[in-house]
Structures are given as C-alpha cells and as structure tokens.
Amino acid sequence: MASGAWAEVVEAFDINDVANDVYEHNFGHRPCQGNIQTLTASDLDKYKAHAWLLSPPCQPYTRQGLQKHSADARAFSFIKILNLMQNMSYPPQMLFVENVVGFEVSDTHDQLLEVLSSLNFNLQEFILSPLQFGVPYSRPRYFCLAKREPMRFQNASVNNKLLRTPMCLSQTMDSTLQDSDHRTEEELDPVCKPVKDFLVKEADGGIQNETILQDYIVPLNLIERWGNAMDIVYPESKRCCCFTKSYYRYVKGTGSLLATSENLKWVPEDKLAISSLKELGLRFFTPREVANFHSFPSSFFFPDHISLRQQYAMLGNSLSVAVVGPLLRYLFAEA
C-alpha cells in the first residue's frame, strides 16, 4: 500500500515481526508492532491521519475457511477499529479497505457499511484483478473506498455500487489500459503482457545461474503425485493463477508453475500426461518474479535473513500495486 500511495505515511501497523523487518528494510521506518485491539480512540487521534488504508485478516471470509465472518477471532481487530472511529475526535476523512472476494457478503461488511453511514461517508466498492490493468495475473480482490462528507468522488454516480470493472478510474490509469477498463477479468487475456515480461533476466542480477536455479525446480516426486492438479504456464501465456502464502511449500492450488524447456510447444492441459510434464522443465516462479506480478517496484528487496518460504508467504499475503495505485489516486483525487 505504501508503494501505491501518493501521500505521506504517518504510521504503519503490523503485528508480524518478519513483515516489519521487510517494511523497515524498504521504507526506513519500523511499523508500530502490537495488537491493534489494544488501541484506543485517543491513540489513533494523535496521528490525525486523513486516510486509513486497511487490509484486515482474510481467513474469516475465504472459501476454504469456516466462513465464521465476525465470529472469527481474526475479525475482532477490524471490528474494533470500526468501533473506535465513532469515538474519535479526529476520525479519518478517507478509508480504503482490501480483502478477499467473499468479504462483500459477510456480516463484517454489513458492520463496515453501518459505521460508514453513521459517520456520513460516501462509498464505492470494487472487485478488481491485475488482469484488468494489463498484468497477466488473476488475483481478484474486494476493495472499499470511502470519503466523508462534504468530500466527493469524481464519479459520484457510482456511489453505493459494487463495480467489477475499473471504468471510473480512467483518469488515474495508464492511457494504454483505458481501452480495457470496461471489461471484466474473464475478457482481458488478450490485452495483458506475456508472462515472459515479468521473469527475472540475467541483467537484473537474475537467477540464470544453474546452481541457484536448482532451488526452484519442481521435484519429480511432486510431478508424479500432483501433476494433474498443477497449473502450468508458458513464457508466452497471458495469465497465471493467484500466488498464495503456501506457494513453494505446496503445488496444488497455490499458484502457477513455469514451463522452461527450450523446445517448448504449448499443449492443452487436459492432454498433458505425467511423462510429458517431466519434459517441460517445470519450476516455481522466484520471489522477485512473484513480486513483479504484484507490480512491486524494482527497488523492493527482502533483507538477507528472510528465508525463501517467508518471502513467498509474505508475497502471497500482499497486494497488487497495479490495482491499489490507481484506486488510491482515485480516492485521493479532488472532485
């Protein structure tokens, strides 16, 4: 979020030590660490922040989870923050909330809308994916943008609506993408750049060294066991699947694998046999490449002590700058 914002960040909050190490390494400031549930209204008032950017835990709302919504203990911190807003002397004037698809039908979402209404916020909601911004990466996410009266959105006609295209963000998007801003995720493969544009190249201090590359090769025993469940993409592909925090630890449903054989010929997935899978030279995308799919700046780096699994876990829990950037610029724009 800090990479996507055109604003001064007055404070960041995260309870995870490793995430805070990475944030400090890249932004020169260590986030406030601790349980958000211990914060008071006066604690938050002292920042006098104009905008809050919130990405609360997604587990209460995922399809694979128990879907306990606000009854899940991991939702308590977000609900606490909402309640504090109503008791603050200097509540935020703008709010940005990100979560998984499914949040929009939860009772936590109902509580969010109730609080925003009580504080006279106008809101606009989106479900957007990097595919709609030219990135060959399917990662649909829910976003809520809210502005407190008398502030207005540039496109007030879509207030209180859930939009599945970025059509109202045209002024904050790259002009080359505006032709696609009215399309849904399913319609956007042709306008995306190919996967090869997001791969690490040797000139970038990359991973072409054979010894290093071995760390990312998919072991044969995994291909034999899970080959039929793997999502395989090629350098020319225009889409890859969402990377989760379990990528590299597991291969089923955690993100795409790259076919690297020099004699590649595209084969429909339903025609691939285990024997032919072994010939594709399958490898995991590297952390830098996953960061590229999230549109992280080239200046982003992990500290040396962060393990490979920790890097993948944090990237799987992160956001797409290609999506968040235009949304924040739209939120901050004056009507």
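Phe78, Ile79, Leu82 and Met85 of helix H3 meet Thr108, Gln111, Leu112, Val115 and Leu116 of helix H4, where contact means heavy atoms within 4.5 Å. Helices (H or I, at least four residues) and strands (E, at least two) are DSSP runs, numbered from the N terminus. The residues of this contact comprise seven nonpolar, two polar and no charged; Ala, Val, Leu, Ile, Met, Phe, Trp, Tyr, Cys and Pro count as nonpolar, Asp, Glu, Lys and Arg as charged, and the others, Gly among them, as polar.

This is a predicted model: local features need pLDDT of at least 70, side-chain atom pairs count only at pLDDT 80 or more, and totals for chains, interfaces and linings use all residues. Residues are numbered from 1 along each chain as its sequence is written, and side-chain values use heavy atoms, with hydrogens and water left out.

Two packed helices are described by the angle between their axes and the distance between the axes. H3 (residues 76-85) and H4 (residues 107-118) pack at an angle of about 15°, and their axes lie 10 Å apart. Axes are lines fitted to C-alpha atoms, for helices over the stretch in contact, and angles run from 0 to 180 degrees between N-to-C directions. H3 is therefore roughly parallel to H4, a term for angles under 35 degrees.

Helix H9 (residues 308-316) has as its buried residues Gln311, Tyr312, Met314, Leu315 and Gly316. Buried means under 20% relative accessible area, exposed over 50%, and partly exposed in between (1.4 Å probe, protein chains only). These buried residues of H9 pack against helix H1 (17-27), strand E8 (282-284) and helix H8 (287-293).

Technical notes:
Parallel < 35°, antiparallel > 145°, perpendicular 65-115°, else oblique.
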